[in-house]
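Hi there,

Here is the structure I promised to pass on to you. Have a look at it first, and my notes follow below.

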Amino acid sequence: MKPQKIIWIVAGLGILLALVLIRTFNPNLFKQPAIDAIKAAGNSTVTVNQLQLDSEPRVIVELDEHDQRFSESLSIPFSQLLEKTNQKKLKEAQGNIYLHSAKTETSAKAWVILNQLGFDNVFILSDEQPEVLKYKFRPDTEARPE
């Protein structure tokens, strides 16, 4: 084999190795398996009433830019959640982190992101009690496709 072909093969393998290393050491890569996140999501919602009964140290993170409901909260807009300065603030936080937004979907998205980045003490702060389904699913057996 010619030396020029060997150089091209080595260069290609070097580029491939560099891309693998960049992907491996990416700080924003998900750290937990999705199944663990799904299990943790079941117990991650706290109501405002439940929070008032808790005297543990905590940080409330307001995810809406122009709406600050709690006086002792930390304002981090959802669009700036992944900035290094904001992640540093969250890592230095004492106690549990409660995410609040006017839209529960925004809090849930932020919870998933932070959970996958390795934050274990994150909860969704909701204004209302989560709905509990009391009825067992029973499919309609009378309607059949023709």
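Let me start in the sheet: β4 and β5 run parallel and are joined by three bridges (two strands pair if DSSP finds at least two bridges between them). Ile97 stands opposite Val122 in β5. Helices (H or I, at least four residues) and strands (E, at least two) are DSSP runs, numbered from the N terminus.

Before going on, a word on the source. This is a predicted model, in which local features need pLDDT of at least 70 and side-chain atom pairs count only at pLDDT 80 or more, while totals for chains, interfaces and linings use all residues. Residues are numbered from 1 along each chain as its sequence is written, and side-chain values use heavy atoms, with hydrogens and water left out.

The sheet

The sheet is open and has five strands in the order β1-β5-β4-β2-β3, with parallel pairing. β1 (45-47) and β3 (74-75) stand at the edges with a single partner strand each, so one side of each has no neighbour in the sheet.

Strand β2 (residues 58-62) pairs with β3 in the parallel sense over two bridges. Here Val61 stands opposite Leu74, and Glu62 stands opposite Ser75. β2 also runs parallel to β4, to which five bridges join it. Across that pairing, Val59 faces Ile97 and Ile60 faces Tyr98.

How enclosed are β2 and β4? In β2, four of the five residues are buried, so this strand is largely enclosed by the rest of the structure. Four of the five residues of β4 are buried too, so β4 is likewise largely enclosed. (Buried means under 20% relative accessible area, exposed over 50%, and partly exposed in between, with a 1.4 Å probe and protein chains only.)

The aromatic pair

The structure holds one aromatic pair. The rings of Tyr98 and Phe123 have centres 5.6 Å apart and planes at 25°, so the pair is stacked. (Rings of Phe, Tyr and Trp, the last by its six-membered ring, pair if their centres lie within 6.5 Å; planes under 30 degrees apart count as stacked, over 60 as edge-to-face and the rest as tilted.) The pair links distant parts of the chain, with Tyr98 in strand β4 (residues 96-100) and Phe123 in strand β5 (residues 122-126), 25 residues apart. Tyr98 is buried, with a relative accessible area of 4%.

The helices

Helix α5 (residues 104-116) lies across β4 and β5, at about 175° to β5. (Axes are lines fitted to C-alpha atoms, for helices over the stretch in contact, and angles run from 0 to 180 degrees between N-to-C directions.) Ser107 lies in this helix and counts as buried at 1% relative accessibility. Leaving out residues up to four places away in sequence, Ser107 touches Leu63, Leu99, His100, Ser101 and Ile124 (contact means heavy atoms within 4.5 Å).

In helix α4 (residues 84-91), the buried residues are Asn86, Gln87 and Leu90. Seen down the axis of α4, they fall within an arc of 100°, so they line one face of the helix (the arc is that of the directions from the helix axis to the C-beta atoms). Their cover includes β2, β4 and α5. The face turned away from the buried side carries the exposed residues Lys84, Thr85, Lys88 and Lys91.

Lastly, of the 22 residues of α1, the number buried is zero, so α1 lies largely in the open.

Best wishes
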